[in-house]
Amino acid sequence: MSNLKKANELFRSGKYNKALEHYELVLNESPLIEPLIAYNLKVIKEKTGKTYSKNNVLSQSTSKSSHGCTDFDFYAKYLDFRLNGKPRRLYKTFDFAKQTNLESAFDSSDKLKKVIEGIKASVIMPSYNRKHTIERAIDSVLSQTHANLELIIVDDGSTDGTFELVKNKYKSERLKLFKGKHGGVSRARNLGIERASGDYIFYLDSDNRWNSRYVELMLAGFVATGTELGYSGVEVHDENEKLIGYRGEPFNWSECCRSNFVDLNPFAHSRTYTEKFGAFDERLRRMVDWDMILRFTKDTQPFFLPYVGTVYTETATDLNRISVKEPYAFKKVVQVKNKYGSDIVNSLKLRFALKIPAPYEKRMQWGDYHFAESLKSSLEALGHEVVIDYHGKWYERPTNAEDVVIVLRGLTEYKPRPGNVNIMWNISHPDQVSYSEYESFDLVFVASDSYAALLNLFLNKRVDTLLQCSDHQRFFFDSDLSVDESKMLFVGNSRNEYRTVVKNAIENDVDVDIYGGGWDQFIDSSNVKGTNISNFELRKYYGSYSFTMNDHWESMKKFGFISNRVFDVVASGGRVISDNVPSIRNVFEDYVLMDDRPGSFLPINNAPELLRKMASTYVSRFHSFDKRAEQILDAVYSFLGVKNVNNSNNIVPSISGSVRQTIKVGLLLQNGVRKPTSSAYIRLFTVLTAECLGGEFDIALLENTNDSCIEDCDVVIVQRVAVDSERDAESLIKKLDKSKIPLIIDTDDGFSSLSESHPQKDYYSRLDMVLRQLMGGAKNVVFSTESLKDEYDDISDDKKCVIENTLDERLWLNYRASKSEGERKRTADLNILYMGTATHDNDFLEVYGALKSLVKQGYQIKLTVIGAVSSRFNENWIEFVSAPTGQERYPRFARWLREFSSFDLGIAPLNDNDFNRMKSDIKVLDYAAINIPTLCSNVPAYEALIKEEVCFWANNTAEDWEAALKELIENPEQLVEKALKANQYLWSSRNVDHAAKKWRKLLQSATKSEPKND
């Protein structure tokens, strides 16, 4: 064993005195190897206080070359340090003659071989879903001619069996395998570095491979030159193994900073460098290799080894490859970081493109254009470049022309392109934006607190609130303006409808001046003062009238999107009367009045000048485009990893300076947070985030009964049978009692009433016992129906209440769809839908017989079944359909269903048994949401709706179902009438607001009566 190898082993085992003796022997043999072991000598000095005798070592040294010692100069002369000219980055050929000479030089020196024999190499290999490529990479490491190495594989949470493959196939003691949660390649590599015990660190990705002599020739380069950094050549193949070319040329830091030409896979360094400069920057999501190389080489010139050490696979289609999917902006981040150090934010200048739906020719007529112009000015004031791209011109420039794309999303969809930081700011028409579209962006903002709260409960993308705002350069308080207390102002086109706010004003004899087009068909022309006001003149009008009337698109109103006109008017020192959007109250309190009857507010605008000025200042400070630009940049910087943003610093007070207090509600869900049931969405998610609540509740999704977040909650709701053991139920009750946190149970199924023949009767009976245990310890128990409430007669009546199932317009309605009740395109005498959970075979049998009889009689029947039965009835008039992959969860299913097809009728057969008597009427509501009427069984679940004449009904016999269906076939006008009535009933009497208000009252009462411990 060589002295160096022995010294290293003694050092790693903590025998520092003995290690020092052997290092002195090594230095006597090769004095210029000192830089390679400097870190070890430093540790020995710290541990023992001893150091080696330099005089003894130096006296034996002879003349040195510029990069090493005379002993190994025969090898060092083949290594290059200086780049001549510009880097070419890719070569068609490689100097294999020089490579051969290099290998021959190494082979000729037993002394050099003996020195490197004692040097241990650590190879770091991160892997994420590389089952099909990792074996070749591993084999290339384990077959290296340098045996003194360890291969550290860190699996980054693979889901394709990569970890299991490696674990089962490779038994080498030199291979160390670790598994972690998916945290990215930098985290995986850093975990590997932390576990490395070698003197030098090498890197190999799991889809590349090394040639067999790479490690030994690199180590020889370190020894021969005394340099602690180096890299070799690379052979580049495409994914079909076709040779593309070669990479490899000497180093120049300035050129490398301009654009990287050194890959990490052939790069290696002394482990002292990670101690000095840190390892991979885990904040960066891309170009981490380049960043580390620049940091390490800024003051130290690496050598280039003229040997093809790495075979690199260039795979442009591999979505797991970071270089394929991450934005180019990271290049600027790395350059700025390494040029200017820590002051990245102030030095980083980005190029923004604002994509707006306005066409260039008509831009002045579009509010989105003025919105974009103001945002552009604010971003430019912060030192960034900004262009506005108009509809039809969005994709004309190459991707690398901008770093950041901001889409002002209204009615038109933009398809994000890889390579940009893609941001969606949804400022209007949220019903037109699909959930997958939100998820396709890097950063998502919506102009609504309540909708952001809902989306964050199920999207695979974080959504932040970014309200609309005002341009304080255009809209500001002007004390020279006089206010006409007798008049109101309305600015806007009629949209070919008599807008409610204007209609009510005219009918109540309000003196209103209207600026906009299309009003002549509704009102006297004397009220119309013009068709348009310049955006630059609006301030004067807003500040001169008693009130400016405002209304919202129906979708914006339901989704809680506050119109930017509200901000503009207040910024101008004016007052606003708006239709009812509860979120307005969170911002402006009573300063902005909400009512569709503006006539009742004249003359009341007695707001003194000081108050109007303070309101204007409030908008300028918290709701200006300058503020929004800062918020967007904070999000971009955080995404790029150059700034940690504390969201608590972005809490915005209301106009009076108060900060909204919320009730934190912990939800413990059946099936957990990753697979919530439809019931969780219907009864909890949509309800607790409803716009009518004005953001009163802050929802925390709890993993289990031991979730540490429980202690931060004001109240905990357990949904259905989310707790499945008596022990966990008892533990939860005790924990909540101790912290004085009220417990509420919500359930909508009678698990105890399943028939004895049900295959899961015993399972659900056990869960029902746990549920009853929780009910006993709860403050309140909420049921979906009166029948279900009565079933639990062992629970105290003062705890129990009923909150019916409701539907949320935000999930179901398409506000841009045609409102006409035109004829459906008929493809059969009756096009029927039957949907639900796949547990209704017995319920379906009677109606199946009726349908089969009608078909035999010659009626054209088409039945579409979505999940409602498990059996497959072999009939050519029955089609079984499933929601597409990824659309099965309730919100996505609702969106898919509304676009899926056009039906004449939905059916809801239900047998009259103990279990079904406790069911709700949710199926009828679902059908009403997609504008089709329901034919249901005459059973208790539907009794109330039958009484309201919201649906058709039939007794549970095949004859009765057949007669009812035949009646509808022969009188199809009834279908249209009933569909309209059902839809109107749903959105007037069973929309989410009804349940939300009941939950608000319940939660306020529960939390108020049980003050928490401090």
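Two rings of Phe, Tyr or Trp (for Trp, the six-membered ring) form a pair if their centres lie within 6.5 Å; planes under 30 degrees apart count as stacked, over 60 as edge-to-face and the rest as tilted. The structure is a predicted model, in which local features need pLDDT of at least 70, side-chain atom pairs count only at pLDDT 80 or more, and totals for chains, interfaces and linings use all residues. Residues are numbered from 1 along each chain as its sequence is written, and side-chain values use heavy atoms, with hydrogens and water left out.

One of these pairs joins Y231 and F251: the ring centres are 6.4 Å apart and the planes stand at 70 degrees, so the pair is edge-to-face. Y231 belongs to strand 6 (residues 229–238), while F251 sits in the loop between strand 7 (243–247) and helix 12 (253–258), so the pair ties together parts that are 20 residues apart in sequence. Helices (H or I, at least four residues) and strands (E, at least two) are DSSP runs, numbered from the N terminus. Y231 and F251 are both buried, where buried means under 20% relative accessible area, exposed over 50%, and partly exposed in between, with a 1.4 Å probe and protein chains only.

The rings of F900 and F903 have their centres 6.1 Å apart and their planes at 35 degrees, so this pair is tilted. F900, at 30% relative accessibility, counts as partly exposed, whereas F903, at 2%, counts as buried. Elsewhere, Y435, F458, Y681, F685, W812 and Y890 form one aromatic cluster.

Helix 1 (residues 3–12) shows how burial can be arranged: L4, A7, N8, L10 and F11 are buried. Viewed down the axis of helix 1, these residues fall within an arc of 165 degrees, so they line one face of the helix; the arc is that of the directions from the helix axis to the C-beta atoms. Just after helix 1, G14 adopts a positive phi of about 85 degrees.

The chain as a whole remains to be described. Its secondary structure comes to 40 helices and 33 strands, and its C-alpha trace spans about 105 × 80 × 65 Å along the principal axes. Of its 1014 residues, 56% count as buried. Among contacts (heavy atoms within 4.5 Å) between residues at least 6 apart in sequence, 73% join residues at least 24 apart.
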